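Subject: Structure handover

Hello,

Please find the structure below. My notes on the metal sites and the domains follow it.

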Amino acid sequence: MYKTQDYLQQHLERFTHELLELLRIPSVSADPAYQKEVLHCAEAVAKHLEKIGMNHVEIIATKGHPIVFGQKIIDPKLPTVLVYGHYDVQPADPMDLWHSPPFEPLIKPTEIHPEGAIFARGACDDKGQFFMHVKAVESMLACDELPCNVKFMIEGEEEIGSENLGLFVKEHKTQLSADIILVSDTGMLANDVPSVTTGLRGLSYVEVQVTGPNRDLHSGLYGGCVKNPINALCDMIASLHDEQGKITVEGFYDSVLEISRADRDAMAKAPFSEKAYKKALDIEETFGEAGYTTPERGSIRPTLDVNGIWGGYTGEGAKTVIASQAFAKISMRLVPNQDPEEITQLFQRHFKKIAPVGVRVKVTPHHGGQPAVTPLDSMGYKAAAMAYESTFGKAAIPVRSGGSIPIVAMFEQELGLKTILMGFGLDSDAIHSPNEHYGLYNYRMGIKTIPYFYKHFVELSKS
Ligand code: BES
Ligand code: MN
Ligand code: MN
């Protein structure tokens, strides 16, 4: 991979500029107002795939946003790597908290990224990360060092649940046939502590509605006489955790696969500072399920969190009113063996059961996803570990992540393929938040490391 490494080093500046152009396109999948921009972004991605020499580049229309596909088959007898990523991004709001406009990328150094980071929505999640693969493959192709076949599938609906991609995968198993799936859409522990993500949590997401009286009421005339839906919702939500931080939804933990003491001990070897964690978030104390460490609570344990809550009067000044309705959005992160549909049902049953007299409750399920784990003894994992060793000069630590990428479990279910999660972002990169950014160092290291994955994967496949 000498030529490839030399080539990518020479073209890094252009690689960065091409990414900046991609980041200018506000491909917000959740908001219909951006539909044209999402399509425009798909077209830009397709053009890049064509330019680097992919064949059969297609923009595949779906009921929602399109999927971009491209492939280079150099020899059908050789292994095939299927690269997955997403070109859609989260909405940028709250806008006023951005220090520079979210779709006008700006390079600025930070404490953690002294050589500069790109500030823009999607810089890390996931444009900056999937584009590393485009540039790594460009480099291998340009140097005639691509050692196997490669397929790209970059979707536009990851941030809204990948529903249409799920259907596409089910119906196009031959087109997607491969030996391994490679994804950069997660993180690593620190810039000097490379890690490979070996697990993702599943997700169950629900919206709840609590309805009391048939109209908003004067809080003086009716206060104290009717069940206030907002008060009721708060009580109900408060009761979803006990004093030990355990989730009280009946049956919630029944199917959880407990991990062994040995695995937990291995996990504990990854460097983690509770003090630095608290400082970074400006909190006095962490909080979570009793009996587990902070990294465990955030990866191998299931959780329940209110993501949004509203109702009543929230405008300027005061309005004395008892609202007729109260609402909340609640996410539950799930671990291996927990089934999102089953958990949603358990939640629904429980939430209705704990509703006090005087209010009615409605629970609406949103998208969900299955959890996933990568076995450490697989060829793909070994190839990834060796790749990190080549560029970082040290072994990568296996880390289970708390985030979710629902399509990963579908890949296994529908295509029978394992996914290797080579993420190069940092938790501090503020993905989904204002001032999302991605280190230039991380971008470069990703582009450098990816070709070694191909090399080692093909070599291991031969033996
Ligand atoms: N790339 C993230 C997931 C992620 C980030 C995993 C960092 C591990 C580390 C992805 O784009 C994402 O945001 N997923 C959503 C789920 C989806 C169904 C909206 C999530 O985890 O909230
Ligand atoms: Mn992502
Ligand atoms: Mn995301």
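Metal sites

Along the chain, the donors of the manganese ion (ligand 2) have the spacing H-x38-D-x59-D. Donors here are N, O and S atoms within 2.8 Å of the metal (3.2 Å for Na, K and Ca), and water is not among the atoms, so sites may look incomplete. This is a predicted model, in which local features need pLDDT of at least 70 and side-chain atom pairs count only at pLDDT 80 or more, while totals for chains, interfaces and linings use all residues. Residues are numbered from 1 along each chain as its sequence is written, chains are lettered from A and ligands numbered from 1 in the order in which they are written, and side-chain values use heavy atoms, with hydrogens and water left out.

His86 (NE2), Asp125 (OD), Asp185 (OD) and Asp185 (OD) coordinate the manganese ion (ligand 2) at 2.0 to 2.5 Å. Its 6 donor atoms subtend angles of 56 to 165°, so the arrangement is irregular.

Asp125 coordinates both the manganese ion (ligand 2) and the manganese ion (ligand 3), which are 3.6 Å apart.

Domains

The protein chain is divided into domain 1 (2-200 + 371-462) and domain 2 (202-256 + 302-369), with bounds from an automatic or database domain assignment. Their centres, taken over C-alpha atoms, are 36 Å apart. The contact (heavy atoms within 4.5 Å) takes 10 residues from domain 1 and 11 residues from domain 2.

Between the two domains, the rule finds 0 salt bridges (a side-chain nitrogen of Lys or Arg within 4 Å of a carboxyl oxygen of Asp or Glu).

Regards

Definitions and conventions:
Tetrahedral: all angles 85-135°; square planar, octahedral: opposite > 155°, others 65-115°.
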